[in-house]
Amino acid sequence: MSSKFYITTPIYYVNDVPHIGHAYTSLACDFIARFKRLDGDDAFFLTGTDEHGQKIEKTAVAKGIEPKEFVDKMYIPFKELCSKMNFSNSDFIRTTEERHVRYVQDIWKQLVASGDVYMGKYSGWYATRDEAFYSEDEIQDGKAPTGAPVEWVEEDSYFFRLSAWQDKLLDFYEQHPEFIGPESRRNEVISFVKSGLVDLSVSRTSFSWGIPVPGDESHVIYVWLDALFNYISAVASGQSSLWPCDLHVVGKDILRFHAVYWPAFLMALSMPLPKRIFAHGWWTNEGQKISKSLGNVIDPVALVDQYGLDYIRYFLMREINFGSDGNYSHQLFVQRVNSELANNIGNLVHRVMTFIYNNLDGVIPEKVVISQEDEVIMSLAYSAIDKVRLHVDKQEISAALAIIIELGSACNIYMEKNAPWRLRKEDIDRMNAVLVTLSECIRVIGILLQPVVPGSAAKILGIFNITEEQQFEKIHEMKVGLQGVSGINIQKPSVIFSRLEV
Ligand code: MSP
């Protein structure tokens with residue numbers, strides 16, 4: 001029986017066009033969702049756009065456009081990025097959609113009714129760039145800890161009784177050590193909560209671009225309260241069995257909103273909490289912080305156009321441990337792609353399959369007698385599946401890919417040692433056994449590569465005539481042994497991964 005798996009990206013602010021950071025978070029979710037589907041689960045993958053708040057209103061006003069007209073234009077590149085990057089998202093939610101607005105207003109009424117939201121007056125610091133409030137002791141040199149400029153705000157405001165949830169949150173973190181990952185980030189959240197939670201201002205009156213507070217329309221609902229509920233509003237009608245979510249993937253900068261405010265809101269509503277929140281690190285560009293003012297923003301669309309989608313997908317997922325910070329550099333990119341995709345996997349596929357195509361009339365041999373050495377390499381291939389799964393379940397995406405690359409290396413060593421081109425003159429039976437074994441390993445590699453490089457994996461599987469529908473072959477149906485490939489009349493192999501020039 002397949003089990004459901006619900007995974008989300010943060011929803012992205014539409015004040016600017018998407019950059020590498022947005023592409024990265026969504027790509028990681030796409031990888032995990034694709035792997036889960038391959039592994040027999042029913043994965044639902046949600047992404048979307050965060051379209052309210054002061055930051056967006058200010059940007060629209062500066063351009064002389066109405067906020068609604070602005071967001072209707074600006075969400076489009078985010079949606080297009082999904083097809084450009086071959087994301088397999090199941091839905092795309094915009095917070096300006098009716099289904100979301102209605103849901104948030106409903107939630108608001110419940111929070112007021114339960115006494116968790118009350119009227120007060122806010123005076124304190126606000127950073128529009130982060131859409132976040134900061135306490136006096138968080139301000140350093142007149143700025144937010146993130147470096148964002150702050151302004152002093154004094155206005156009537158509704159408050160969420162966050163302080164009431166401090167102990168319950170701490171109990172929850174203790175009872176559910178898997179709730180926040182990685183471990184180091186979990187410790188940061190716990191010490192933040194232990195340092196004391198104050199009630200959170202959850203409405204604003206000084207601008208109007210947001211969801212109106214029901215019954216008090218001079219206020220708009222705080223953009224983070226609005227945005228976080230997208231994770232439920234998107235699945236509230238018809239799909240409510242999807243909640244609670246299995247995994248929220250977020251950047252390290254927005255973990256506090258997800259690991260403190262979000263569970264507190266849900267506790268106040270007596271709703272189940274998400275099962276896990278994982279915070280990833282940030283990319284730098286050639287060693288420098290990425291920022292618009294430095295002019296070094298990386299455009300994912302331009303990268304894909306220049307190098308091809310699968311190389312970008314592979315590099316972003318493989319180069320750094322998911323959870324750590326990492327550096328984008330052209331040299332690292334070329335090295336990684338050439339050594340692991342072109343020289344290792346690409347070379348293996350090309351040599352074996354071209355040899356069969358040219359010397360065996362394109363038919364993978366049948367009824368071969370395999371040796372112990374062949375069995376060893378095949379069991380390495382089959383056990384790779386379980387190793388990959390263990391890593392994916394801990395969001396260790398790079399380590400999961402390393403398993404596939406190690407399998408490729410082992411196959412290359414086996415191929416060199418058994419040298420089918422030499423056996424062709426000496427021992428045809430042995431040559432056949434070696435070629436079948438290598439073909440089966442390549443089929444396994446093709447299947448395992450699907451979540452990271454879906455287009456190239458389809459090409460590898462295409463050599464075996466595995467059709468478009470069958471290409472999403474389920475992992476549990478995969479360990480079929482040599483009959484997986486024996487007797488297949490293969491397609492003429494083309495180059496799958498060509499080398500990049502340095
Ligand atoms: N709208 C909020 C999220 C609301 S979720 C209910 C938001 N949006 S964002 O557009 O500013 O950022 C989205 C994501 O991009 C964050 O997870 C953030 O960590 C990520 N990144 C932004 N710059 C990044 C890098 N340089 N590197 C990696 N990820 C980065 O926050």
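Gly120 has Ser157 in β7 as its bridge partner. This belongs to a predicted model, in which local features need pLDDT of at least 70 and side-chain atom pairs count only at pLDDT 80 or more, while totals for chains, interfaces and linings use all residues. Residues are numbered from 1 along each chain as its sequence is written, and side-chain values use heavy atoms, with hydrogens and water left out.

Strands β5 and β7 pair in the antiparallel sense over 10 bridges; two strands pair if DSSP finds at least two bridges between them. Strands (E, at least two residues) and helices (H or I, at least four residues) are DSSP runs, numbered from the N terminus. The open sheet has 4 strands in the order β6-β5-β7-β9, with antiparallel pairing. Because β6 and β9 stand at the edges with a single partner strand each, one side of each has no neighbour in the sheet.

## Pairing towards the edges

Strand β7 (residues 151-160) is joined to β9 by 2 bridges, and Phe159 stands opposite Ser201 in β9. Strand β5 is joined to β6 by 3 bridges, again in the antiparallel sense. Tyr126 stands opposite Phe133 in β6. The hairpin of β5 and β6 has 4 residues between the strands, and Glu131 there takes a positive phi near 50 degrees.

## The second largest pocket

The second largest pocket holds about 410 Å³ of space. A pocket is an open set of points on a 1 Å grid over the protein atoms alone, where a 1.4 Å probe fits, with protein on both sides within 12 Å along at least five of seven lines; lining residues have an atom within 4 Å of a point. Grid points are joined across faces, edges and corners, and the volume is the space filled by probe spheres set on the points.

Of the 20 lining residues, Phe133, Tyr134, Ser135, Glu138 and Val198 are the closest to the centre of this pocket. Two or more lining residues come from each of β5 (117-127), β6 (132-134), β9 (200-201) and α10 (255-268), and β5 gives the largest share, 3 residues. The lining divides into 9 nonpolar, 6 polar and 5 charged residues. Here Ala, Val, Leu, Ile, Met, Phe, Trp, Tyr, Cys and Pro count as nonpolar, Asp, Glu, Lys and Arg as charged, and the others, Gly among them, as polar.
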